[in-house]
Amino acid sequence: NRFQGSFVMRLRPQWDSVLTDGIDKYFFSWLADTGPGTINTTDYVKFYYDESSDRFVLLLASNTAGEIPSNVIIGNLTFESDNYIEVAGWWNASGVVDTKDNIRYYAKIFANGEIIGTETDPIIQYIPESHLLHLMIGGNNSTTSTSVTTNEIEAIISEAAFFTQSISDEE
């Protein structure tokens with residue numbers, strides 16, 4: 001189900017929240033397929049730590065809309081190298097009304113149980129156009145190969161779960 005999804009990861013990054021190496025750290029790349037065994041590099045959901053701004057980024061991209069700044073959900077968290085953090089997030093093309101504040105959210109990012117980023121504008125135009133079939137954990141993929149990753153996370157991942165539906169904030 002490409003219209004909604006969620007993830008949770010518990011890990012020990014081997015860097016702190018102020019990066020200086022010039023390399024983004026990808027937690028995962030979940031990409032669509034253009035044909036049997038071929039990755040579509042323009043149709044995906046990616047979650048990474050942006051080196052240039054020192055923040056977490058949830059990025060949705062479709063073949064039609066591509067990558068543009070308004071389809072990025074961002075959040076900040078200060079952390080130390082080699083200490084456990086838990087990051088999670090979800091997206092939903094229809095949006096979900098949060099009964100706590102009566103606002104419709106289309107995506108959220110959490111770190112250590114706290115909301116660090118939200119999207120309240122519709123995201124349907126950025127939802128991948130094909131089903132997400134290729135999951136690269138701990139790296140990015142910007143090629144059509146199913147075995148190549150770049151911008152590896154440099155972390156010890158102790159737990160990771162991915163869902164094809166958006167889970168609630170409390171879950």
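Me: Hi! How many aromatic pairs does the structure hold?
Reply: Hello! There are 15 aromatic pairs. One thing to keep in mind is that this is a predicted model.

Me: Good to know. What kind of pair do W30 and W91 form?
Reply: W30 and W91 pair edge-to-face, with 6.1 Å centre to centre and 85° between the planes. W30 lies in strand β2 (residues 25-35) and W91 in strand β6, so this pair ties together parts that are 61 residues apart in sequence.

Me: And are those two tryptophans, W30 and W91, buried or exposed?
Reply: Both W30 and W91 are buried.

Me: What about F56 and F79, how are their rings arranged?
Reply: Their ring centres are 6.1 Å apart and the planes sit at 35°, so the F56 and F79 pair is tilted. F56 is in strand β4 (residues 55-61), while F79 is in the loop between β5 and β6, and the pair links these distant parts of the chain, 23 residues apart.

Me: Why does F79 count as buried?
Reply: Because its relative accessibility is 5%, and buried means under 20%. F56 is buried too, with a relative accessible area of 0%.

Me: Which residues do the ring pairs link into a cluster?
Reply: The cluster is made of F7, W15, F27, F28, W30, F47, Y49, F56, F79, W91 and F162.

Me: Switching topic: where is K108, and is K108 buried or exposed?
Reply: K108 is in strand β7. It is buried, with a relative accessible area of 1%.

Me: Which side chain does the K108 side chain make a polar contact with?
Reply: That would be D98, at 2.9 Å. K108 also lies over the face of Y105, 4.1 Å from the ring centre. Leaving out residues up to four places away in sequence, K108 touches several others, including A88, W90, I115 and D169.

Me: Which lysine lies over the face of Y44?
Reply: K46 does, at 4.2 Å from the ring centre.

Me: Now D82, please. Where is it?
Reply: D82 sits in the loop between β5 (72-75) and β6 (85-98). With 36% relative accessibility, D82 counts as partly exposed.

Me: What does D82 touch, not counting residues up to four places away in sequence?
Reply: R12, P13 and Q14. The D82 side chain makes a polar contact with the R12 side chain at 3.1 Å.

Me: What is the phi of D82 near?
Reply: Near 70°, a positive value in a residue other than glycine. N112 has a positive phi as well, near 50°. N112 is found in the loop between β7 (103-111) and β8 (114-119), and is partly exposed at 42% relative accessible area.

How values were computed:
Residues are numbered from 1 along each chain as its sequence is written. This is a predicted model: local features need pLDDT of at least 70, side-chain atom pairs count only at pLDDT 80 or more; totals for chains, interfaces and linings use all residues. Side-chain values use heavy atoms; hydrogens and water are left out. Helices (H or I, at least four residues) and strands (E, at least two) are DSSP runs, numbered from the N terminus. Buried means under 20% relative accessible area, exposed over 50%, partly exposed in between (1.4 Å probe, protein chains only). Contact means heavy atoms within 4.5 Å. A polar contact is a pair of N or O atoms within 3.5 Å; within protein, one must be able to donate a hydrogen and the other to accept it, and residues adjacent in sequence count only if both atoms are side-chain atoms. Rings of Phe, Tyr and Trp (its six-membered ring) pair if their centres lie within 6.5 Å; planes under 30 degrees apart count as stacked, over 60 as edge-to-face and the rest as tilted. A charge sits over a ring if NZ of Lys or CZ of Arg is within 6 Å of the ring centre and within 35 degrees of the ring normal.
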